[in-house]
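Take a look at the chain below. This report starts with one residue and then widens the view.

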Amino acid sequence: MSKKKITVPQIRERKQNGSKFAMITVYDYPMAAIVEQSDIELILVGDSLGMVIQGCEGTVHVTLEDILYHLKLVRRGAPNTFIVGDMPFLTYQACESEAIHNAGILMKNGADCVKMEGDVYAAEKAAAVVKAGIPVMGHIGLTPQTAASFGGFKVQGKSIDSAKKMLENAIAFEKAGAFAIVLECLPTALGALIDEKISIPTIGVGAGLNCTGYNLNAYDILGIFDKFVPKFVKQYKLLGKEILDGFNSWRNEIDSGAYPMREHCFNVSEDEINALRDSL
Ligand SMILES: Nc1nc(=O)c2c([nH]1)NC[C@@H]1CN(c3ccc(C(=O)N[C@@H](CCC(=O)O)C(=O)O)cc3)CN21
Ligand SMILES: CC(C)C(=O)C(=O)O
Ligand SMILES: [Mg+2]
């Protein structure tokens with residue numbers, strides 16, 4: 001039986017009826033095809049691909065074309081899973097019409113909604129995108145696209161001033177018409193307060209225990225990406241080690257003669273071999 005894709009109204013309802021949901025970040029066909037078979041409701045094609053897939057230090061360089069490429073692969077693997085298309089840096093910050101245009105391109109290429117990082121100013125662009133009929137997920141707290149302005153990947157909202165600003169940002173996205181909002185790296189108490197003060201679902205990434213939904217990266221959950229492991233990550237598998245074992249097993253069997261074996265070979269009949277020999 002094929003999976004039934006969750007809808008924007010159903011995601012909103014999760015906050016009212018108290019049932020949680022999960023959003024997993026993936027970037028490619030095989031991972032998406034496995035998520036499609038799982039109970040996970042949402043996929044994020046995140047601009048974190050700049051770090052996880054491309055090996056860079058941040059996400060600022062990621063382009064709309066990068067996201068589009070991965071979005072298409074993921075959609076092929078997960079035709080019936082709700083996909084969030086992450087809007088890269090500078091595809092929505094400059095003006096409303098650019099924001100609408102670029103959000104529209106993601107929707108035309110398989111996204112079910114777009115995600116926009118930022119503050120009260122980004123929320124203005126989000127409002128324009130919502131008015132164009134495109135569902136928007138907000139993203140506040142540690143916003144990697146603007147991390148340069150707060151000095152790196154640091155937990156946000158630790159001071160009263162910063163906490164107030166985070167609450168203002170959340171309310172601004174809610175007022176803009178965002179249907180859900182990612183809270184990244186906020187103290188537990190602030191995550192809970194924001195969840196209480198807004199009516200839309202919160203999706204926690206290191207934002208404590210009181211969110212409606214939670215997001216983790218597939219490569220983190222599986223223990224494949226280990227350049228850094230943020231505190232909020234739980235590694236359910238250590239596949240990086242398994243993969244290395246697999247690679248080394250193959251390499252060793254080439255020396256030992258255990259690979260390849262007869263079963264890995266293509267054969268023709270004895271007659272055909274003889275005919276070939278005779279013809280030489
Ligand atoms: N693989 C991966 N997983 C992610 O969750 C992720 C990415 N990449 N790339 C984009 C952003 C960047 N993220 C990050 C990156 C680093 C920290 C980090 O080092 N945090 C410190 C806390 C620092 C502080 O206390 O202020 C930590 O100890 O977790 C957190 C989130 C989350 N996102
Ligand atoms: C950290 C999550 C929410 C994200 O934006 C990404 O993976 O790009
Ligand atoms: Mg992102």
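## Around E184

Leaving aside its neighbours within four places in sequence, E184 is in contact with H139, G141, L142, V205, G206 and A207. Two residues are in contact if their C-beta atoms, placed from the backbone, lie within 7 Å.

E184 lies in strand β6, which covers residues 180-184. Why does E184 count as buried? E184 is buried because 23 other C-beta atoms are within 10 Å. The cut-offs are these: buried means 20 or more other C-beta atoms within 10 Å of a residue's own, exposed means 12 or fewer, and partly exposed is in between. An unreviewed UniProt entry places the feature "active site" at E184. UniProt positions follow the numbering used here, feature names are shortened, and annotations may be inferred rather than shown by experiment.

## About the model

This is a predicted model: local features need pLDDT of at least 70, side-chain atom pairs count only at pLDDT 80 or more, and totals for chains, interfaces and linings use all residues. Residues are numbered from 1 along each chain as its sequence is written, while chains are lettered from A and ligands numbered from 1 in the order in which they are written.

## The nonpolar core

A nonpolar core is a set of buried Ala, Val, Leu, Ile, Met, Phe, Trp, Tyr and Cys residues joined through C-beta atoms within 7 Å. The largest one has 67 residues. I43, V114 and I181 have the most contacts inside it. Residues up to four places away in sequence aside, I43 touches several others, including I24, V26, V74 and I83.

## The whole chain

The protein chain has 11 helices and 8 strands. Both are DSSP runs numbered from the N terminus: helices are H or I with at least four residues, strands are E with at least two. Of its 280 residues, 40% count as buried.
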